[in-house]
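Student: I would like to learn how to read a model of this kind, feature by feature. Please take me through it.

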Amino acid sequence: SNPTLLILPGDGIGPEVMGQVTRVIDWFGEKRGLAFDVEEDLVGGAAYDAHGTPLHDDTMAKALEADAVLLGAVGGPKYDDLDFSVKPERGLLRLRKEMDLFSNLRPAQCFDALADFSSLKKDIVAGLDIMIVRELTSGVYFGEPRGIFEEGNERVGINTQRYTESEIDRVARSAFELARRRNNKVCSMEKANVMESGILWREVVQKVHDEDYPDVELSHMYADNGAMQLVRAPKQFDVILTDNLFGDILSDCAAMLTGSLGMLPSASLGAPNAEGRPKALYEPVHGSAPDITGQGKANPIACILSFAMALRYSFDQGDEATRLEQAVEKVLADGARTADLMGPEDGTPISTSEMGDAILAALDAS
Ligand code: NAI
Ligand code: MG
């Protein structure tokens with residue numbers, strides 16, 4: 001039977017960009033014999049409108065069954081005043097939690113045609129292709145104790161950075177596996193100089209490396225220096241492995257090396273199933289963009305590149321993923337630009353569906 005793909009377009013521009021991904025998926029089925037059993041369902045505000053919950057139990061069950069989940073975006077002003085328990089983002093958080101997606105992959109790739117768009121000098125970013133692996137389910141955002149407590153005559157806000165050996169071990173493995181598919185190089189970032197969790201992090205990462213991945217080149221760096229190096233000379237890195245908090249900051253920093261939010265894909269991976277496929281959720285980094293919803297302005301590339309990641313990491317179709325990435329690269333090199341990829345004096349942008357047309361034409365020519 002065909003591999004299964006659950007598509008959750010969500011809210012705002014989510015359905016608009018996903019519409020172009022669906023065309024790309026169909027193309028791979030028709031032209032490359034890569035057929036998926038695709039099912040579509042609701043998440044976020046769209047699910048709340050239909051069911052009074054941002055993620056129906058049936059949808060959750062389908063996500064746990066599917067070989068991969070592809071999500072557009074959730075949220076929007078219409079839902080801002082809802083109770084926290086039914087806010088659109090709770091749908092996404094529930095997916096991440098119940099699928100136990102502990103490894104968040106955020107590529108920072110600079111397409112040559114967009115190098116001028118970076119916040120940095122062109123020669124620092126041209127040809128950049130790095131991947132940040134961020135631990136996503138533990139660390140300071142989850143550790144106990146947490147809260148705001150009375151202490152003497154004032155209050156104290158407390159969060160706890162906490163990592164178990166097994167939590168470090170599993171995300172380290174996912175980074176080393178990834179490195180083997182890329183350039184065999186991992187830089188692990190923590191602050192072992194001032195944090196106990198950092199000392200343990202460094203020790204466990206080194207042990208996993210020495211025992212099972214000695215062929216991968218491993219280095220360690222303090223995360224503050226890492227932030228500096230990312231901006232100074234990002235091309236020195238290939239895979240960067242880091243915890244939840246540092247990964248949050250470093251991946252946003254790396255994202256801006258490459259230009260628009262409309263270009264950035266991501267993957268969140270969990271434990272491998274019986275067939276060795278990790279549980280997986282693919283989604284663009286951007287949100288539902290209410291300011292441009294319904295205007296045909298959204299750039300579908302982040303969502304399309306998220307599907308390319310699914311081809312590579314869930315379906316072992318690395319060559320087809322590269323085919324799709326090269327089609328995107330080609331249309332950019334040919335000058336195709338949605339509004340987010342141009343300045344006010346750069347001419348007329350193309351629409352969401354015209355970008356889809358261009359990418360399909362480039363695929364046809366590949
Ligand atoms: P956003 O990412 O939706 O938008 C930020 C800016 O980038 C906007 O000006 C938007 O027009 C632009 N932009 C984003 N994606 C684009 C694309 N594909 N093409 C062209 N331009 C694009 O972030 P914002 O405005 O902070 O949040 C809007 C809503 O999205 C909120 O309800 C927020 O909670 C939600 N959100 C959802 C996320 C998710 O589903 N994973 C992630 C971030 C925000
Ligand atoms: Mg962030």
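Tutor: What follows goes through the sheet, a hairpin, some backbone angles, the ligand shell and the annotated positions.

Student: How are the parts numbered, and what kind of model is it?

Tutor: Residues are numbered from 1 along each chain as its sequence is written, while chains are lettered from A and ligands numbered from 1 in the order in which they are written. This is a predicted model, in which local features need pLDDT of at least 70 and side-chain atom pairs count only at pLDDT 80 or more, whereas totals for chains, interfaces and linings use all residues.

Student: What is the order of the strands in the open sheet?

Tutor: Helices (H or I, at least four residues) and strands (E, at least two) are DSSP runs, numbered from the N terminus. Two strands pair if DSSP finds at least two bridges between them. Here ten strands form an open sheet in the order E2-E1-E3-E12-E11-E4-E5-E10-E8-E9, and the pairing is mixed. Strand E2 (37-40) and strand E9 (217-222) are at the edges; each has a single partner strand, so one side of each has no neighbour in the sheet. On average, neighbouring strands of this sheet are turned by 20° against each other, direction ignored.

Student: How do strands E1 and E3 pair?

Tutor: Strand E1 (residues 4-10) and strand E3 (residues 68-73) are parallel, with five bridges. In one of these strands, E3, Ala 73 is the bridge partner of Gly 10.

Student: Which strands does helix H1 touch?

Tutor: Contact between two residues requires C-beta atoms, placed from the backbone, within 7 Å. Angles run from 0 to 180 degrees between N-to-C directions, and axes are lines fitted to C-alpha atoms, for helices over the stretch in contact. Helix H1 (residues 14-32) packs on the sheet and touches E1, E2, E3 and strand E12 (278-284), its direction making about 140° with that of E3. Helix H10 (residues 301-313) lies across E3, strand E11 (265-272) and E12, and runs at about 165° to E12.

Student: How many residues of strand E7 are buried?

Tutor: A residue is buried if 20 or more other C-beta atoms lie within 10 Å of its own, exposed if 12 or fewer, and partly exposed in between, with C-beta atoms placed from the backbone. By that rule, strand E7 (residues 154-160) is hardly covered: among its seven residues the count of buried ones is zero. Its partner is strand E6 (residues 143-151), paired in the antiparallel sense over six bridges. One bridge links Glu 150 with Arg 155 in E7. The two strands E6 and E7 make a hairpin with two residues between them, and Gly 152 in the turn has a positive phi of about 65°.

Student: Where is there a cis peptide bond?

Tutor: It joins Glu 144 and Pro 145, with omega about 0°. Pro 145 belongs to strand E6.

Student: What is the phi of Asn 184, and what is that of Asp 316?

Tutor: Asn 184 is not a glycine, yet it has a positive phi of about 60°. Its place is the loop between helix H6 (165-181) and strand E8 (185-190). Asn 184 counts as partly exposed because it has 15 C-beta neighbours inside 10 Å. Asp 316, also not a glycine, has a positive phi of about 55°. Asp 316 sits in the loop between H10 and helix H11 (318-333). With 13 C-beta neighbours inside 10 Å, Asp 316 is partly exposed.

Student: Which residues come nearest to ligand 1?

Tutor: A residue is near a molecule or strand if its C-beta atom, placed from the backbone, lies within 6 Å of it. Of the 22 residues around ligand 1, the nearest are Gly 75, Gly 262, His 286, Gly 287 and Asn 299. For classes, Ala, Val, Leu, Ile, Met, Phe, Trp, Tyr, Cys and Pro count as nonpolar, Asp, Glu, Lys and Arg as charged, and the others, Gly among them, as polar. The shell around ligand 1 has eleven nonpolar, seven polar and four charged residues.

Student: Which residues does UniProt list for "binding site"?

Tutor: UniProt positions are given in the numbering used here, feature names are shortened, and annotations may be inferred rather than shown by experiment. The unreviewed UniProt entry lists Arg 96, Arg 106, Arg 134 and Asp 224. They are spread over 129 residues of sequence and also in space, up to 27.6 Å between C-alpha atoms.

Student: Is Arg 134 buried or exposed?

Tutor: Arg 134 is buried, because 26 other C-beta atoms lie within 10 Å. Arg 134 lies in strand E5 (residues 129-135). Leaving aside neighbours within four places in sequence, its contacts include Arg 106 and Asp 248. Arg 96, in helix H4 (residues 88-98), is partly exposed, with 17 other C-beta atoms within 10 Å.
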